[in-house]
Amino acid sequence: MTHNKKLSIIGLGKLGSTMAACFIHKGYEVIGVDINQDFVDAVNRGHSPIYEPCVDDLINVNKNLIQATTEIEFAIFHTDVSFIIVPTPSMGSGLFSTKYVESATIEIAKVLSKKEKYHVIVITSTILPGDTERIGKDIEKISGKKIGKDFGLVYNPDFIALGRIVHDFLNPDMILIGESDEKAGSIVQQIHETIVDNEPEIYRMNWYNAELAKVSLNSYCTLKLTFANIIAEICEKMPGGDAEIVLRAIGSDSRIGNKYFRGSLAWGGTCFPRDNRAFAKSVEQFGIRNTYSETTDRINDYHKTDRICNLLIEYLEMKNTNELAILGLAYKEDTPIVEEAVSLSVIKKLTEMGYKITVYDPAAMEEAKKELSQNDLITYAFSEYDCVKNKSVCFIATPWNSFKSLDIEQILKIMDSPIILDAWKILSVPENSKIDIRYIGKNINNK
Ligand SMILES: NC(=O)c1ccc[n+]([C@@H]2O[C@H](COP(=O)([O-])OP(=O)(O)OC[C@H]3O[C@@H](n4cnc5c(N)ncnc54)[C@H](O)[C@@H]3O)[C@@H](O)[C@H]2O)c1
């Protein structure tokens, strides 16, 4: 299928490359722009510059539809719609810095001053209430053009999860469009409608409402997950407690729902923690003190470190050892990202206390090494079995597929009468196995 609009993607990182891959997969011609020459070269060779399932294949198969460049001017002149997906890093205040978005929009504005044709600028980077309006005014000033007449400005964030961005982008629950005007919003709506594999709800609104909807939605997810983790901790202490059973019952109430309602480890990663903090901070401009976000953040910090460390220390003392094996460093499966990951918090705290920790992750070893300072108490293993060998306590922190298929009999042979804390109930344990497995959210007496 051919499309009448040509698209540019400014920022070929985790989200931008994946969106570009999806657009070309659906027949759009795309020009990708990045300031990182290596990323540009990778795309021009037909490869993904980032690690995300399916993206490399999609770019490779459709490489005739994509070209990449460091020249924003070329991209703006040769396309009709530009999606900006550059970083918006958190600042000390908790708010997001829009300096990269602004450096892209300033460049775009300079080109718009010379471009006759109508152009739509779409900000996909996560920004906060008031940002699009401010950026829009700057673009008008620099370009000398009028929003709504000469160009459209749309805030159109995605609701995706790392490790499954392709699926989530092509099968969204909803499309959120904060539009400067009807024409710009309709163009963005039409682009989404021509690529999705499902029939999502489309919500069109002004910039402020869209900015608030995006950041508060993620914050609501953290609230729900925090509640589930509180139930999990109660169940660990309560006779016969099992959070899975309790939460399944609560979640079947249609007012609540079962999605994102599993009690386990704390939430982490690149979006939830920072979006939650930014939501709280950004509404201060309206005279609102959002204490619930601050509270979920504080509770999550406790779940991330103290709650899990207390359990692990109890097991290490039971086994009279100071050596722990940790399987899983990434904050979730299918990604190398370790930002705000539970494992890293646990490693930092337990090594400060003098414990020795051997770790293994199928994809996140390098990222973890960068994040954890050089420490003789940390050993990086070559494989799952190498990690757990001769240890008597193991913590499975990330539900990677390769951990699901671990051979329990083999583990029993190479470990020293182990206790395994399986945070995600992923090990398949044969009936009558002698292995001592403990589950997050489940009272041990229930085994
Ligand atoms: N990754 C996610 O799961 C996710 C989910 C939802 C929203 N977001 C949001 O999307 C935005 C991008 O996130 P990401 O994870 O893709 O970031 P990333 O760091 O992986 O990629 C950003 C890319 O932008 C490039 N870049 C920076 N300034 C540029 C400029 N002026 N011109 C061209 N390229 C430039 C960088 O070189 C980098 O390749 C952020 O606002 C983030 O909050 C990300």
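This tour moves from the whole chain to a few residues that can be selected one after another.

The model is predicted, so local features need pLDDT of at least 70 and side-chain atom pairs count only at pLDDT 80 or more, while totals for chains, interfaces and linings use all residues. Residues are numbered from 1 along each chain as its sequence is written, and side-chain values use heavy atoms, with hydrogens and water left out.

**The whole chain**

Along the principal axes, the C-alpha atoms fill a box of roughly 75 × 50 × 40 Å.

Of the 447 residues, 55% count as buried, where buried means under 20% relative accessible area, exposed over 50%, and partly exposed in between, with a 1.4 Å probe and protein chains only.

**The cysteines**

Next, select Cys22 and Cys54: the sulfur of Cys22 has its closest cysteine sulfur in Cys54, 8.7 Å away, which is too far for a bond. Cys22 is buried, at 0% relative accessibility. Then move to Cys387, whose sulfur lies 6.3 Å from the closest cysteine sulfur, in Cys394, again too far for a bond, and which is likewise buried at 0%. A search of the whole structure finds zero disulfides, a disulfide being a pair of cysteine sulfur atoms within 2.5 Å.

Now select Asp386, which is found in helix α15 (residues 384–388) and is partly exposed, with a relative accessible area of 31%.

Which loop holds Glu340? Glu340 lies between β9 (323–327) and α13 (342–352), is partly exposed at 25% relative accessible area, and has a phi near 55°, a positive value in a residue other than glycine.

Finish at Ser417, in the loop between α17 (408–414) and β13 (419–422), where phi is positive at about 35° although the residue is not a glycine. Ser417 counts as partly exposed, at 47% relative accessibility.

Terms used: Helix = DSSP H or I, 4+ residues; strand = E, 2+ residues; numbered from the N terminus.
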